[in-house]
Amino acid sequence: MCSKTIQGFKAVTIRLPDADTHPHEIFLKEHSLRHYEDDKPPGRTLFVLNIPSYFENKHVQSLFSATAPVTKVIMPSSPGFKSAHVVFAKPEGLSKVLALDEIRMSQSGVTFETGLSKWVEEYNNSIRNPDELANELNTFMLRYDKSQAKSSKQEKKLSQEVDDEGWTVVTKKGHKPGIANKESVKIKLTGKIVEKKRKKELKNFYTFQIKEGKMKNLALLRKNFEDAKKRVEAMKSSRKFRPY
């Protein structure tokens, strides 16, 4: 049989126990990286692509164990076709697998869930057990109630405290909730004050605004001066003006 190579990967045909008439191709090559990885030792690690979606780690290990002993299979879960790293016990095992053109999977102890039965199993596994879900919710609510009770107790304690000047701390509880004595609230209020101040500072941003402001101040000074002169004249006329 003539072997086929695609972009450095060798195409190898695999035949499943119950699908001799419909073989599948996987792509193999020796795993190599510039940086050393403890779980993927060089010279013993095989990189595999195009693994069927219904394969699990045990299926990949069974597929290659018939040729050479396998110590580990690293295959992240993902939808569709998968990839995996297969670590052999010895470098000779990697060489043997790369020399194959076809791998026939053994029937011993290997079962696959495919098609409708696989979808039914996945759906059933996605449904939570009612008792387990109820226990999880009860546990969560108990933790939440405890945290709320602790928070209420602390706020009540603060509301009863009186400082040296006779002031009482205002909390968010009560008929007319006040501002909560929290760091986040203080930061928010400080931000609002800074923003308000910044907006005020922009009033005299343009030149014409500065000029108008000076004119208004000058007019106000003149008006105050005239009013003062009138009061002085009125006091003189009523003979109540005593400069000394």
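Is K72 buried, exposed or partly exposed? K72 is partly exposed, at a relative accessible area of 36%. In these terms, buried is under 20% relative accessible area, exposed is over 50%, and partly exposed is in between, using a 1.4 Å probe and protein chains only.

Before going on, some ground rules. This is a predicted model, where local features need pLDDT of at least 70, side-chain atom pairs count only at pLDDT 80 or more, and totals for chains, interfaces and linings use all residues. Residues are numbered from 1 along each chain as its sequence is written, and side-chain values use heavy atoms, with hydrogens and water left out.

Back to K72. It sits in strand β5, residues 70–74. Helices (H or I, at least four residues) and strands (E, at least two) are DSSP runs, numbered from the N terminus. Setting aside neighbours within four places in sequence, K72 contacts D39, H85, V86 and V87; contact means heavy atoms within 4.5 Å. V60 is 12 residues away from K72 along the chain, and their C-alpha atoms are 9.9 Å apart.

V86 deserves a word of its own. Not counting residues up to four places away in sequence, V86 touches R44, T45, L46, V48, V60, F64, V70, K72 and V73.

That brings me to the core. The largest nonpolar core has 23 residues, and L46, F64, V86 and F88 touch the most other members. At least two residues of this core come from each of β2, β3, β4, α1, β5, β6 and α2. A nonpolar core here is a set of buried Ala, Val, Leu, Ile, Met, Phe, Trp, Tyr and Cys residues joined through side-chain atoms within 4.5 Å.

In α1, the buried residues are H59, V60, L63 and F64. Viewed down the axis of α1, they fall within an arc of 120°, so they line one face of the helix. The arc is that of the directions from the helix axis to the C-beta atoms. In α2, residues 91–98, the buried ones are G93, L94 and V97. Their arc is within 100° down the axis of α2, so they too line one face. The buried residues of α2 pack against β3 (24–30), β4 (45–51), α1 (57–65) and β6 (82–88).

Next, aromatic pairs. How many does a search of the whole structure find? It finds three. Rings of Phe, Tyr and Trp (its six-membered ring) pair if their centres lie within 6.5 Å; planes under 30 degrees apart are stacked, over 60 edge-to-face, and the rest tilted. F9 and F47 are both buried. Another is F64 and F88, with centres 6.3 Å apart and planes at 90°, so it is edge-to-face. F64 is in α1 and F88 in β6, so parts 24 residues apart in sequence are tied together. F64 and F88 are buried as well.

K10, in strand β2, is buried, with a relative accessible area of 14%. Its side chain reaches the backbone oxygen of L98 at 2.7 Å.

That is all from me.

Key. Polar contact = N/O pair within 3.5 Å; in protein donor to acceptor, adjacent residues only side chain to side chain.
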